[in-house]
Amino acid sequence: MDIFTAIRTRRSVRRFLPEPVNDEHIDILLEAAMMAPSSKNAQPWRFVVINDKKTLNAIAHNDPYAAPAADAPMGILVCGDESKASWVEGCSAAIENMLLAAHGLGYGSFWCGIYQDHARERIMRKRCKLPEGIEPFALVLIGKAAHPLPLLDRYDPHKVHYNSWEDKVPEEKESRPYRF
C-alpha cells in the first residue's frame, strides 16, 4: 500500500480479534517507531511491549479510556525519557510511524493517551515498573480489526488559513478536485 492510501485509510480500532501479533511484526512496528524524527536525534522513546492478557485486562479494567485493551492481543506502552529534548514531540512522531506501520501490516491500532493524566500515569508507571525519569506517554493497542472501518474524507478547507488567520481560503481551494 502506498503512503497516501495508508494515511487515508488508517482508522482507530477499538475492537480486535483475538489473533496474536507475531514477533517479527512487533519488531517491524518498533523499528518503524524508532525511525521517527526527533529533536537533535535524541531518540527519546522507550517501549514496553505488553502481550500478557491478564495485564491487558487489568489495564482495561482500571482505565476507562483504555477499555479496548481487553480485546487487544497486545499493546506497546510508549514512554519518554524526560532527560531528552522535546520528548513529547518525538514520542508522538514515533507513535504515528507505528500506527501507519501497523496498518501497512494489516493490523488495526488505537492510540490511548496517558501523558498529563496523573492518575493514569501512576497506574502505568506502577504496572510496568518504570524507573524515574521515564514517563508513560501513550498505550498503542494493536491487533486485527474485528470489523472493517469506512473510508472517510476529513479534509476541510475552512480549517486552513493562508498567511494570516484572517485570510479566507482561496475560492479555487473551496472545491477540492483532487485527492491524494
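Against which elements do the buried residues of α3 pack? I began with this question, keeping in mind that the model is predicted.

**Entry: helix α3**

I looked up the buried residues of α3 and found L56, A58, I59 and A60; these pack against β1, β2, α5 and β4. In a helix of this kind there are 3.6 residues a turn, so residues three or four places apart point the same way.

I then turned to the helix pair, and noted that the axes of α3 (residues 53–62) and α5 (residues 118–127) come within 11 Å and cross at roughly 165°. Since angles over 145 degrees count as roughly antiparallel, α3 is roughly antiparallel to α5. I recorded the crossing of these two helices as right-handed. On the α3 side the contact is made by T55, A58, I59 and N62, and on the α5 side by I123, M124 and R127. I sorted the residues of this contact by type and got 4 nonpolar, 2 polar and 1 charged.

I next traced the strand order, which is β1-β2-β4-β3 in an open sheet of 4 strands with antiparallel pairing. The edge strands are β1 and β3 (108–113), each of which pairs on one side only. Ignoring direction, I noted that neighbouring strands of this sheet are turned by 25° against each other on average. I also placed α3 relative to this sheet: the helix packs on it, touching β1, β2 and β4, and its direction makes about 110° with that of β1. For α4 (residues 87–104) I wrote down that it lies across β1, β2, β3 and β4, running at about 10° to β4.

**Entry: strand β2**

How many residues of β2 are buried? I counted 8 of its 8 residues (74–81) as buried, and so noted the strand as mostly covered. In a regular strand the side chains alternate between the two faces of the sheet.

I followed the pairing of β2 on each side. With β1 (residues 45–50) the strand pairs in the antiparallel sense over 6 bridges, and I picked out V49, whose bridge partner in β2 is I76. With β4 (residues 134–143) there are 8 bridges, and these two strands also run antiparallel. In that pairing I found V78 opposite A138 of β4, and C79 opposite P136 of β4.

**Entry: positive phi values**

Most residues other than glycine have a negative phi, and I therefore looked for exceptions. K40 is not a glycine, yet its phi is positive at about 55°; I located K40 in the loop between α2 (23–34) and β1. Is K40 buried or exposed? Its relative accessibility is 77%, and because values over 50% count as exposed, K40 is classed as exposed.

K129, likewise a residue other than glycine, has a positive phi near 55°, and I found K129 in the loop between α5 and β4. With a relative accessibility of 73%, K129 counts as exposed.

Key
Residues numbered from 1 in each chain as written. Predicted model: local features only at pLDDT ≥ 70, side-chain atom pairs only at ≥ 80, totals over all residues. Heavy atoms only, no water. Axes fitted to C-alpha atoms, helices over the stretch in contact; angles between N-to-C directions. Parallel < 35°, antiparallel > 145°, perpendicular 65-115°, else oblique. Left-handed = near helix turned anticlockwise from the far one by under 90°. Contact = heavy atoms within 4.5 Å. Nonpolar A, V, L, I, M, F, W, Y, C, P; charged D, E, K, R; others polar. Buried < 20%, exposed > 50% of the residue type's maximum accessible area, 1.4 Å probe, protein only. Pairing = 2+ DSSP bridges.
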